[in-house]
Amino acid sequence: MVTFQFALRYTMNKLTTNINHIYLNSFGLLLFLIFINSFSCFSQHKTKNEQSQSIKGKLQLDSIWEPVVYLSYISSFKDMYTMSNEIIIAETKVDSSGSFYFSTESFPKEDNLYRLHLSKKESPAASLIIGGKEENHIFLIANKHSEIFIKNKIRDSLFYDYDINGYQPNTDFKSIHTIINNDNLRSPNSNLKKEFINKTIYEELRHIADTASHPIVSLYALTNSKFESSYLENQKFYENYLDKWKDENSSYFNELRSKFPEKKNSPALWIIISAIFFFLLGYIINNSMNARRKKDNKHLKLLSVQERKIYCLLVEGKSNKEISEAFNIGVSTVKSHVSSIYNKLNIKSRKDIVNVSNL
Amino acid sequence: MKKIFKVFACLFLFTAIVNAQQISQKSCSAVCLNRTIQLDGSSDKETITVDVSEDTGKMHLNINSKVESGYLTVELYDPKGNKKGNFSIESQSNSSKTKEQVCGQMQKYIEDPIKGKWSVVLVPKKVVGDVSICTSLYDE
């Protein structure tokens, strides 16, 4: 009976242990499944995000255009209208629905300026058309995380009228670009009116440059405001502007900095520098004069009292006879003193005495 | 009655045609100048001037360029010396086996242009290619 009870208890214990094992295993499996599921969700989310980092668009293309979109990197504003095969960094086909897509995954983290263009059929890929209804390019600002959508509005003109959405600086950039490139905005009949309108436009561009929060947008407005001609008038404004964007090290800002004259030091600084210079100059001159005096004294110290008196007369150009008369001594004595002076001063003639005294 | 109606109809048509001809003649009072410049490895700066007279109301300028090698800059200046547009094209292909073409085109449609000499300045650097300049000046 005891044996039976023991066997039953053993069996029950074993069964409970097995059930616990099954529960634990099931729980572990459940955790694993949850982990896999969440990982899969996360990676899906990531892929979706990565896809959204792009420049894409929908274009209504006329039959004259090759359905290929080219993307060029513009490293400075002066190269905005430069075309070569070397600056084209990517190309993509426009599908039958007019859609195209560029991934911005390989772009730098910082904002840069890019040009997007299409070429006419039978024209080379590197073709640039500026102005008119056949203008074949647009500019855009993008970085690694940008999501930009471009859509043209009219079929028979490629980028004459288009929308650019997704990254706000592009809308502002486009507005400035329209102001700058509208020649006929500045074509009233009288020259006076033309000048007035130009002046107003440049002032407006400077105002945009001052208030824009995006560095490339701000700089684009300033670059086209003819700031070189008004630099002296608005020097303070430009100095403040450079100070505001002092941390910007993009090629666009470096290009601008090279156009500005270097910042002048304040007058107070100049006064201090001049004072230090003249003080040092005075100190050096004084030192050299003292050195000369010491040298002269050193020479004269070698001579006896009588020789010094004769030396002074020799310097004045007196002859031996005149010296003998002056001191009431014989000419031969004078000659002996003169000879001694020559030896002590290490000179050979009266002319050398004058030179020594001028040292 | 019918005859009178026909006569009037014919008269109306005749005057309409004459009027249309006069209008078309008036709108055609444009001067078109075409120039093509061949560049064979040239690096000499060249200036092409376009005279805009007092009567000119509109100017249409079309500059077309094609480069097979070298670097070409094209600039447009108004009579006051203000730059009104520019572009540069570059082709780095120097071998005779591979040909690389680069095209640049600039169109300017200017209403009431400043009177005087407009200049198209070509600044080539060892350029093999050609530039064509087409100017249409329309009277006011």
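In chain B, residues 24 or more positions apart account for 76% of the contacts with a separation of 6 or more. This is a predicted model. Chain B holds 1 helix and 6 strands. Chain A touches chain B through 19 residues, which meet 22 residues of chain B. The points below take chain B, the interface, a sheet of chain A and two helix pairs of chain A in turn.

**Chain B**
- The elements of chain B run α-β-β-β-β-β-β from the N terminus on.
- Chain B has 140 residues, and 28% of them count as buried.

**Where chain A meets chain B**
- The contact involves 19 residues of chain A and 22 residues of chain B.
- On the side of chain A, β3 (82-84) and β7 (127-130) each supply at least two residues.
- β7(A) gives the largest share of that side, with 4 residues.
- By class, the side of chain A that touches chain B has 7 nonpolar, 10 polar and 2 charged residues.
- β7(A) also pairs with a strand of the other chain, β5 of chain B (residues 102-111).
- This pairing is in the parallel sense and runs over 4 bridges.

**A four-stranded sheet in chain A**
- In chain A, 4 strands form an open sheet in the order β5-β1-β9-β10.
- The pairing in this sheet is mixed.
- β5 and β10 (162-165) of chain A stand at the edges.
- Each edge strand has a single partner strand, so one side of each is left without a neighbour in the sheet.
- Neighbouring strands of this sheet are turned by 10° against each other on average, direction ignored.
- Strands of a sheet pair through backbone hydrogen bonds, either parallel or antiparallel.

- β5(A) covers residues 99-103.
- Its pairing with β1 of chain A (residues 54-58) is antiparallel, over 5 bridges.
- Lys58(A) has Ser99(A) of β5(A) as its bridge partner.
- Ser54(A) stands opposite Ser103(A) in β5(A).
- The covered face of β5(A) consists of Phe100(A) and Phe102(A).
- The uncovered face of β5(A) carries Ser99(A), Tyr101(A) and Ser103(A).

**Helices α2 and α4 of chain A**
- α2 (residues 168-181) and α4 (residues 215-223) of chain A pack at an angle of about 5°.
- Their axes are 9 Å apart.
- The angle makes α2(A) roughly parallel to α4(A).
- From α2(A), the contact draws on Pro169(A), Asp172(A), Phe173(A) and Ile176(A).
- From α4(A), Ile216(A), Val217(A), Tyr220(A) and Ala221(A) meet them.
- The contact residues of this pair divide into 7 nonpolar, no polar and 1 charged.

**Helices α9 and α10 of chain A**
- The axes of α9 (residues 320-327) and α10 (residues 331-345) of chain A come within 9 Å.
- These axes cross at roughly 110°.
- α9(A) and α10(A) are therefore roughly perpendicular to each other.
- α9(A) brings Asn320(A), Lys321(A), Ile323(A) and Ser324(A) to the contact.
- α10(A) brings Val331(A), Val334(A), Lys335(A) and Val338(A).
- By class, this contact has 4 nonpolar, 2 polar and 2 charged residues.

Terms used:
Residues are numbered from 1 along each chain as its sequence is written. Chains are lettered from A and ligands numbered from 1 in the order in which they are written. This is a predicted model: local features need pLDDT of at least 70, side-chain atom pairs count only at pLDDT 80 or more; totals for chains, interfaces and linings use all residues. Axes are lines fitted to C-alpha atoms, for helices over the stretch in contact, and angles run from 0 to 180 degrees between N-to-C directions. Angles under 35 degrees count as roughly parallel, over 145 as roughly antiparallel, 65 to 115 as roughly perpendicular and the rest as oblique. Two residues are in contact if their C-beta atoms, placed from the backbone, lie within 7 Å. Ala, Val, Leu, Ile, Met, Phe, Trp, Tyr, Cys and Pro count as nonpolar, Asp, Glu, Lys and Arg as charged, and the others, Gly among them, as polar. Two strands pair if DSSP finds at least two bridges between them. A residue is buried if 20 or more other C-beta atoms lie within 10 Å of its own, exposed if 12 or fewer, and partly exposed in between; C-beta atoms are placed from the backbone.
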